[in-house]
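Reader: Please take a single part of this model and go through it closely, in plain terms. I would like one connected account that keeps to what can be computed from the coordinates.

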Amino acid sequence: MSRRFLFLLGSSRSDGNTELLARKAAEQLPAEAEQRWLSLAEHPLPDFEDLRHDSDHVRPTEGSTGLLFDATLAATDIVIVSPLYWYSVSASTKRYLDYWSGWLRTPGVDFKATMAGRTFWGVTALAHEEQEVADPLIGTLNHSAAYMGMRFGGVLLGNGSKPGDVLNDSEALTRAKTFFAQQPTLARFPYDS
């Protein structure tokens, strides 16, 4: 199966440090790997309403919800491209992940089984020199992948605050060259042995 990458841009501004780093990593993908880039700011999801215990779930077909649902199902690799906002993913990224809860109950689509075995990745830029501050973001993505039975490729971290700063992070740019070349394993919760 050819790989189809879905890059979900979770920043409130375009061409920010996180997006620049993700594009550097994406430049290294093989030519036959499809790339689709969607901005969550340009395709905003409405506030998530938890209807887990209601019975009238329907497949989203219109607007941003339908677009993101179909793009997610079509991807073999989902890349969350979110700056580190208050030590986790951006609000638009979190909202997208919240929608997965509803998609788990979409009739005619076994969302969890469909996503199992696919790969989840992350790219983020942070202003801290200490990369440990991104652990909550990494945990969010890893645990989401583990719950879904997905592989987790980890998170490509870069440093940058002002626009373009990440292009001065030579270590991050070096890691970007091989980031998508690794062979990710199935994500695991920390308590799994």
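Author: Tyr-87 sits in the loop between β3 and α3; here helices (H or I, at least four residues) and strands (E, at least two) are DSSP runs, numbered from the N terminus. This is a predicted model, in which local features need pLDDT of at least 70 and side-chain atom pairs count only at pLDDT 80 or more, while totals for chains, interfaces and linings use all residues. Residues are numbered from 1 along each chain as its sequence is written, and side-chain values use heavy atoms, with hydrogens and water left out.

The loop first. Most residues other than glycine have a negative phi. Tyr-87 has a positive phi, near 70°, and Trp-86, which lies in the loop between β3 and α3 as well, has a positive phi near 50°. The relative accessible area of Tyr-87 is 35%, which makes this residue partly exposed. Trp-86, at 80% relative accessibility, counts as exposed. Buried means under 20% relative accessible area, exposed over 50%, and partly exposed in between, with a 1.4 Å probe and protein chains only.

Strand β3 belongs to an open sheet of six strands in the order β2-β1-β3-β4-β5-β6, with mixed pairing. Two strands pair if DSSP finds at least two bridges between them.

Within the sheet, β3 has a parallel partner in strand β1 (residues 4-9), over five bridges. One of the paired positions puts Leu-9 with Val-81 of β3. Five bridges also join β3 to β4, again running parallel. Val-81 is opposite Val-123 of β4, and Ile-78 is opposite Phe-120 of that strand.

The pairing of β4 with β5 is parallel and runs over seven bridges. Thr-119 stands opposite Arg-151 in β5, while Ala-125 has Gly-158 of β5 as its bridge partner.

The expected span of a helix is 1.5 Å times one less than its number of residues. For the 14 residues of α5 (residues 135-148) this gives 20 Å, and the end C-alpha atoms are 20 Å apart, which agrees. Gly-149 follows α5 and has a positive phi, near 75°.

Next, the second largest pocket, which holds about 310 Å³ of space. Of the 22 residues that line this pocket, Ser-11, Arg-13, Gly-16, Pro-83 and Tyr-85 are the closest to its centre. On a 1 Å grid over the protein atoms alone, a pocket is an open set of points where a 1.4 Å probe fits, with protein on both sides within 12 Å along at least five of seven lines, and lining residues have an atom within 4 Å of a point. Grid points are joined across faces, edges and corners, and a volume is the space filled by probe spheres set on the points. The elements that give two or more residues to this lining are α1 (17-26) and β4, and α1 supplies the largest share, three residues. The lining divides into nine nonpolar, ten polar and three charged residues. Ala, Val, Leu, Ile, Met, Phe, Trp, Tyr, Cys and Pro count as nonpolar, Asp, Glu, Lys and Arg as charged, and the others, Gly among them, as polar.

Helix α1 also holds Ala-26, which counts as buried at 4% relative accessibility. Leaving aside neighbours within four places in sequence, Ala-26 is in contact with Phe-7, Gln-35, Trp-37 and Phe-180, where contact means heavy atoms within 4.5 Å.
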